[in-house]
Each structure stands twice: as C-alpha cells, then as structure tokens.
Amino acid sequence: MMNKKSLLSVLIVIVLMTFTACGPDNIKKIEKITEEAKTAVIWEKQGAGKAFKNETPKGDMTIDILDVGQGESVFIDFEDYEILIDGGNKWDGQKIAEKIRPHVNGRIENVICTHSHADHCGGLIHIYREYDVSRTIYGDKGTSKTYQEFQSMAEKEGIFTNDEDQVIEIGENAAMTICDATDNESNTNNNSVICHISYMDTSILITGDAEEKAEACFQGVFGQTDIVVAGHHGSGTSNSLIYELMPEYFVISAGKGNVYGHPHYETLDAVLSLTPNVYMTSKDGDIRFITDGKSIKTQKEYTPLSLEDAGDHYK
C-alpha cells in the first residue's frame with residue numbers, strides 16, 4: 001500500500017492543480033498517478049481531503065464552534081494537534097483561552113486568521129499572550145489598529161504565512177486542506193482562508209466570511225461535507241454552494257438580535273430544505289461535535305433553527 005507521506009504528496013498535487021483556476025471545469029483526474037493512488041483518493045467531487053476511507057479510527061476529533069457573539073471562532077482538537085480558526089472580537093480572547101485550555105497539549109499547532117475583520121482576528125491577540133503557537137496562516141493583511149496588533153503578536157510568536165494552497169497532515173488519517181480562493185479583493189470578506197478538515201469518512205468546512213465570488217473558486221472541489229460552519233454568519237451573500245455541500249450539520253455563529261439580520265432568511269430556507277440539524281451559537285452557546293472518523297455526534301442535544309429564527313431585517 002502507498003504510505004501516508006506518498007499519499008499526502010499526491011493530495012497536494014491534486015489540490016494545487018484543482019485550485020489553479022476557479023470553477024468546476026478545472027476539476028480533472030491526474031492521468032499519470034498510480035492505480036493505487038487512484039483507489040486511495042476519493043476524487044471527482046467526493047472531497048479533496050477524504051483519502052483515508054478504509055483506515056481504522058485512531059481516536060476522537062472534537063470540533064467546537066465557540067460562542068463569541070457576532071463573530072466567529074472554531075477550535076479543533078485531534079490527539080496532540082490543535083487548530084484555532086479565528087478568535088472573535090478582541091474582548092473574546094480571554095474566554096477563548098480559558099475554554100480551550102483543557103485541550104491544548106503544549107503548543108497550538110496552527111492558528112488561522114481567515115481575514116482581517118476585527119470580529120475574526122481581534123480575540124487572537126490574547127491567544128498569543130497565553131499560548132505558544134507554531135504557525136499562523138492569514139488570509140489578508142488589514143490596516144486597522146486591531147489587525148496590526150494581531151499581526152505584531154503573530155510575527156513574534158512563530159511562522160506567519162499567507163494562505164497558499166496546501167494540505168497539512170494533522171494526525172493519522174486526518175488532514176487540513178487550505179484553499180487560497182482569492183487575493184487582494186476590495187471586499188475583504190472574499191480574501192478569507194478556506195479550511196476543509198477531513199478525518200477518514202468525516203469532514204468539516206470553515207470559510208470565514210467568504211462570499212459568492214470566493215465560493216465559486218472551490219465549487220466542485222470538496223463535495224458532500226458533514227459539518228459546514230455558515231459563511232459570513234449565515235448571510236445571504238454567502239453559502240451559495242449549500243446544495244453541493246449537502247451538510248448533515250450546519251452551524252451559524254452570530255450574535256442575538258444583531259444589526260445585520262444574521263442569519264438571513266434565504267440561507268435558512270435553503271439549508272433547512274436539506275437538513276433539520278441547523279444550530280446557532282446565540283441559542284446554544286458553544287456547539288461541540290465529536291467524530292471517530294466514521295460517524296459524528298453532538299456533545300448534547302442542541303436547539304434546531306426554523307425560518308422564524310431569520311434576522312429581523314429579513315422576516
């Protein structure tokens with residue numbers, strides 16, 4: 001059988017070739033890869049990271065969508081490997097640091113700042129005060145005081161690098177695919193880092209505030225995805241690939257009664273036609289999923305949303 005390093009090398013080539021240009025027309029099989037690799041890689045819209053289908057589970061992965069009000073923060077813990085994606089606003093940093101403390105084994109391997117808006121990067125400032133961080137991946141560089149403070153802390157701590165297309169091994173049978181959808185967009189939301197995490201048969205997608213233009217760049221790449229964290233807090237300007245992703249679970253990070261009307265009616269209407277498992281941090285607080293690589297369960301029973309939960313501006 002192909003060893004894991006060889007398999008990951010194949011995955012990197014596939015993902016980089018796929019992401020070179022936007023749209024489903026650019027999704028092609030690589031003709032010269034070995035038959036063994038073709039068997040291992042679940043290709044053609046089955047998920048770029050799902051390459052470990054027949055392996056034996058090695059342990060549980062936990063995915064926490066943390067309650068940071070009108071912001072976003074996602075923490076992934078797999079054995080001794082931790083990933084923190086965004087940190088909410090600046091005032092959220094200390095409570096995030098406390099929430100993740102029982103799960104951090106030494107260093108945080110990857111901090112990802114999807115983009116430079118304060119409700120995503122602000123809380124990360126405090127994380128660098130309390131934790132060692134091996135690497136920070138960013139989507140764009142902002143000019144706000146909050147972002148500049150975040151960047152200064154991140155650069156002092158460890159590797160500070162942009163979101164070039166890559167596959168990162170995060171443990172046995174598990175990988176994180178980073179997609180650099182678009183760069184230097186005047187709409188900062190579209191500079192968001194796209195993160196797809198797979199553990200054997202299970203997967204999660206986090207897209208920051210990416211809107212339809214950026215989403216078009218990974219159309220046809222990931223296929224069915226078990227857990228989708230709503231793009232841009234459930235905005236109608238995002239989540240355009242929901243019928244392709246076909247999530248079992250859809251989680252919205254948004255503040256109660258926020259002035260943006262999140263989540264928007266059209267987003268809820270679409271996702272509720274696919275799954276009843278639609279949750280929101282403003283209703284349930286932190287939302288935790290646990291997967292052994294074969295199946296996913298929630299830590300407890302959460303409150304499913306209905307169309308009545310759409311933001312006031314869109315009812």
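Asn239 counts as buried, at 13% relative accessibility. The cut-off matters here: a residue is called buried if its relative accessible area is under 20%, so Asn239 falls within that class at 13%. In this predicted model, Asn239 sits in the loop between strand S11 (227-229) and helix H8 (242-245). Most residues other than glycine have a negative phi.

Met200 belongs to the loop between strand S9 (194-199) and strand S10 (202-206). Is Met200 buried or exposed? Met200 is buried, with a relative accessible area of 1%.

Another backbone feature concerns a peptide bond. Most peptide bonds are trans. The bond that joins His262 and Pro263 is cis, with omega about 0°. To find Pro263, look in the loop between strand S12 (249-252) and helix H9 (265-272).

From the loops, turn to a helix. Which residues of helix H3 (residues 93-100) are buried? They are Gly93, Ile96, Ala97 and Ile100. These residues cover an arc of only 100° around the axis, and therefore lie on the same side of H3.

Strand S3 contains Ile83. This isoleucine is buried, and its relative accessible area is 0%. Leaving aside neighbours within four places in sequence, Ile83 is in contact with Val74, Phe75, Ile76, Asn110, Ile112, Ile170, Met176 and Ile197. Ile83 can also be compared with Val111: the two are 28 residues apart in sequence, while their C-alpha atoms are 5.8 Å apart in space.

The contacts of the protein chain as a whole can be described by separation in sequence. Among contacts between residues at least 6 apart in sequence, 65% join residues at least 24 apart.

How many aromatic pairs does the structure hold? There are 9 aromatic pairs. One aromatic cluster is formed by Tyr128, Tyr138, Tyr147, Phe150 and Phe160.

Of its 315 residues, 59% are buried. The chain exposes about 13100 Å², and carbon and sulfur atoms supply 47% of this area.

The protein chain averages a pLDDT of 85, and 80% of the residues score at least 70. Over residues 12-21 the pLDDT is below 50, and this stretch has 21 contacts in the model beyond near neighbours in sequence. Residues 23-54 also have a pLDDT below 50, with 72 contacts in the model beyond near neighbours in sequence.

Definitions and conventions
Residues numbered from 1 in each chain as written. Predicted model: local features only at pLDDT ≥ 70, side-chain atom pairs only at ≥ 80, totals over all residues. Heavy atoms only, no water. Helix = DSSP H or I, 4+ residues; strand = E, 2+ residues; numbered from the N terminus. Buried < 20%, exposed > 50% of the residue type's maximum accessible area, 1.4 Å probe, protein only. Arc of directions from axis to C-beta. Phe/Tyr/Trp six-rings, centres within 6.5 Å; stacked < 30°, edge-to-face > 60°. Contact = heavy atoms within 4.5 Å. Areas by Shrake-Rupley, 256 points an atom, 1.4 Å probe, with all protein chains shown as cover. pLDDT = per-residue confidence, 0-100.
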